[in-house]
Amino acid sequence: MHPLFHRKAYFAAYLGAWMLLAIALAALMRLPGTLQWREALILAAPLCFFNAFVCLAPWYVCRHIPLRADNTAKLLLNHLGAAVIASALWVGMARLLAQFLDLGPRIVPEIPLLAVVALLLYSLSVALHYMLLAIEASREAQIQARDAELRALKAQINPHFLFNSLNSITALIATDPMRAREMCIRLGDFLRNTLGLGERESISWKEELQLARTYLDVEQVRYGARLRVEMNVDEACADCLVPPLVLQPLIENAVKHGIATLVDGGTIKVEGHLNGGFLEVSVENGFDPDCPSPRRNGLGLRNVRGRLETRFGPEAMLSARATQNQFRAEMVFPCEKRI
Amino acid sequence: MRAIIVDDEELARQLLVEYLREIGGVEVIAECANGFEAVKAISESKPGIVFLDVQMPKLDGFEVLELIDTAGIAVIFVTAYDQYAMRAFDANAVDYLLKPFSMDRLRKTLDRVRQRAGDSGKSQVPATGSSGAALSSVELAAAARPPGQPLSRIVVKDGTKVHIIPLAKLDYVEAQDDYVALHSEKKSYLKQQTISALEAQLDPNRFVRIHRSYIVNIERIARIEPYTKDSRVAVLNDGTQLPVSRSGNARLQTLLGEAR
């Protein structure tokens, strides 16, 4: 359904505008000098009423043919074809009405005028519909960006991570004071680094990676030998700019839904490569397939996907798949660098 | 008193051992790093206290609680979850400690456990629910579980073996007195739980109580056939026929109607 049909008031205003156009059209039709005002109006009013509905049709076409440089031919062909059909319909209808009104040959000089006006009106409608769709898309993107930001801020410090780390420190204080001290320092580093991130639009991939390393260092103390980490990251991507905390949720998921479900633990493999101007990142971990994955699992991924989308648009991609007992998340996005 | 510590983190176990040694009067007889080990150790050695972590590999703390006989055992959940996620309930058989906790907090908890053990030694009062009847471990676990999370799988103990039935593989449930028979992949498992209690834990959009004694996974229903004037049978994909009562049929129709 066309969005105009959702609100009666909008639709009424739209029809009203067309009636104003009918008066303008009648004035135009008076120009050749063959028609009376009354006759011109009687012709123009039903024609415009009819066209009001014809000009809603582009909405369906515009949604299926997005405005992109790579499909110019398809765009022109479709819309021009439709415009010609709309114009022919209009002329045909005008002839019928003229017959009905007994205008005889006096309608003939109006035909080229009507054909051109119909073409123009239809094209204008196509343009307006693309504008409508663009406004809708940008509003949607704004809402998503705000939501994603909000969720990101909330997700920054997971309280369970903090409580569990404090519990580990409590245990270490008696048995291994040096390690307790070390863990306090790492935890401090992690908290300090996450603290200012909410205000920054982007950080370097190196910083993001460092954050993940500090996080994993803290978790390492908690999980001991159960948590193994392999990092294989190109130096070349160090300067790429990324939205803050774009990797962190994937790492947290790998620990919480992967390593924590396994009696003997497992390995988290992090890869980062630069490929043709794109940063390709993957996080892979083992998990227990018998362990039900809670619904919250999807939240971190959704959050990252939303943020990548608002930042890079269709150029960014995030995918996740689970095979038998391995989970793998991959993201690809353009590597932007500070100028 | 004898205690078993269940936690997948070595440091967390170590801390409890250290605190308990300091406080005295409690002997740690076993430390378990996952749910399976815990169920086995608890059934074999019947401790007086179990310290139970919530998030663990294999079985979580609530599932462990379901599978053990809690008579005479004080269960203390040890978790980093905040107290709002941990459900407060009137049955005093379960307590909880929030990580990180102090030695004082543990001492108070132990005092309470001892006091209760003394009381029940005198008058034999087991944990009771609102109805006044003794709570089974399954009911206890259901009460302890944080609300608002429908079950995603069912655990059943069969002798020393623990079976995990994912709900996607559960075909139908049949009431047998105080037990339910869970039918999954041509096998059937008995669990001590009433069918109404189980019904309350299942996702009402996937499982329907079609009869006083039957709950069915709606994805398994092939068709509904008339049986007598007043009743119908549900034929499952594998040919099994289950009776459908009149109110069961009404529930089924509402659900299928909504899905369409």
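**Close-up 1. Gln55(B), in a loop of chain B.** In this predicted model, Gln55(B) sits in the loop that runs from strand E3 (49-53) to helix H3 (61-67) of chain B. Helices (H or I, at least four residues) and strands (E, at least two) are DSSP runs, numbered from the N terminus. Gln55(B) counts as partly exposed because it has 17 other C-beta atoms within 10 Å; the cut-offs are 20 or more such atoms for buried, 12 or fewer for exposed, and anything in between for partly exposed, with C-beta atoms placed from the backbone. Leaving out residues up to four places away in sequence, Gln55(B) touches Ala260(A) and Asp60(B), where contact means C-beta atoms, placed from the backbone, within 7 Å. Gly35(B) is 20 residues from Gln55(B) in sequence, and their C-alpha atoms are 9.4 Å apart. Residue numbers start from 1 along each chain as its sequence is written, chains are lettered from A and ligands numbered from 1 in the order in which they are written. As this is a predicted model, local features need pLDDT of at least 70 and side-chain atom pairs count only at pLDDT 80 or more, while totals for chains, interfaces and linings use all residues.

**Close-up 2. Where chain B meets chain A.** Here 18 residues of chain B are in contact with 21 residues of chain A. On the chain B side, helix H1 (residues 10-23) supplies the largest share, 6 residues. Sorted by class, that side has 8 nonpolar, 4 polar and 6 charged residues. Nonpolar covers Ala, Val, Leu, Ile, Met, Phe, Trp, Tyr, Cys and Pro; charged covers Asp, Glu, Lys and Arg; the others, Gly among them, are polar.

**Close-up 3. Helices H6(A) and H7(A), side by side.** Helix H6 (residues 159-175) and helix H7 (residues 177-195) of chain A pack at about 155 degrees, with their axes 7 Å apart. The axes are lines fitted to C-alpha atoms, for helices over the stretch in contact, and the angles run from 0 to 180 degrees between N-to-C directions. H6(A) and H7(A) are therefore roughly antiparallel, the label for angles over 145 degrees; under 35 is roughly parallel, 65 to 115 roughly perpendicular, and the rest oblique. Ser165(A), Ser168(A), Ile169(A), Leu172(A) and Ile173(A) in H6(A) meet a set in H7(A) that includes Pro177(A), Met183(A) and Leu187(A). The contact splits into 8 nonpolar, 2 polar and 1 charged residue.

**Close-up 4. Helices H2(A) and H4(A).** Another pair in chain A, helix H2 (residues 37-54) and helix H4 (residues 72-101), packs at about 145 degrees with axes 10 Å apart. Among the residues that meet are Leu43(A), Leu47(A) and Phe50(A) from H2(A), and Leu89(A), Trp90(A) and Met93(A) from H4(A). This contact has 13 nonpolar residues, 1 polar and 1 charged.

**Close-up 5. Inside the nonpolar cores.** The largest nonpolar core has 108 residues, and Phe51(B), Leu52(B) and Ile76(B) have the most contacts inside it. A core here is a set of buried Ala, Val, Leu, Ile, Met, Phe, Trp, Tyr and Cys residues joined through C-beta atoms within 7 Å. Helix H8 (residues 205-223) of chain A gives the most to this core, 9 residues. Beyond its neighbours within four places in sequence, Ile76(B) is in contact with residues including Ile49(B), Val50(B), Tyr96(B) and Thr109(B). A second, separate core of 26 residues includes Ala26(A), Ala44(A), Ala52(A) and Cys55(A).

**Close-up 6. Val270(A), in a strand of chain A.** Look for Val270(A) in strand E4 (residues 266-275) of chain A. Val270(A) counts as buried because it has 22 C-beta neighbours inside 10 Å. Not counting residues up to four places away in sequence, Val270(A) touches Met231(A), Val233(A) and Val283(A). Val270(A) and Ala212(A) are 58 residues apart in sequence, yet 9.9 Å apart from C-alpha to C-alpha.

**Close-up 7. Helix H2(B) and the residue after it.** The buried residues of helix H2 (residues 35-45) of chain B are Gly35(B), Glu37(B), Ala38(B), Val39(B), Ala41(B) and Ile42(B). They pack against elements of chain B that include strand E1 (2-6), strand E2 (27-32) and H3. Just after H2(B), Lys46(B) takes a positive phi of about 40 degrees. Lys46(B) is partly exposed because it has 15 C-beta neighbours inside 10 Å.

**Close-up 8. A cis peptide bond in chain B.** Lys99(B) and Pro100(B) are joined by a cis peptide bond, with omega about -5 degrees. Pro100(B) lies in the loop between strand E5 (94-98) and helix H4 (103-123) of chain B.

Technical notes. Two residues are in contact if their C-beta atoms, placed from the backbone, lie within 7 Å.
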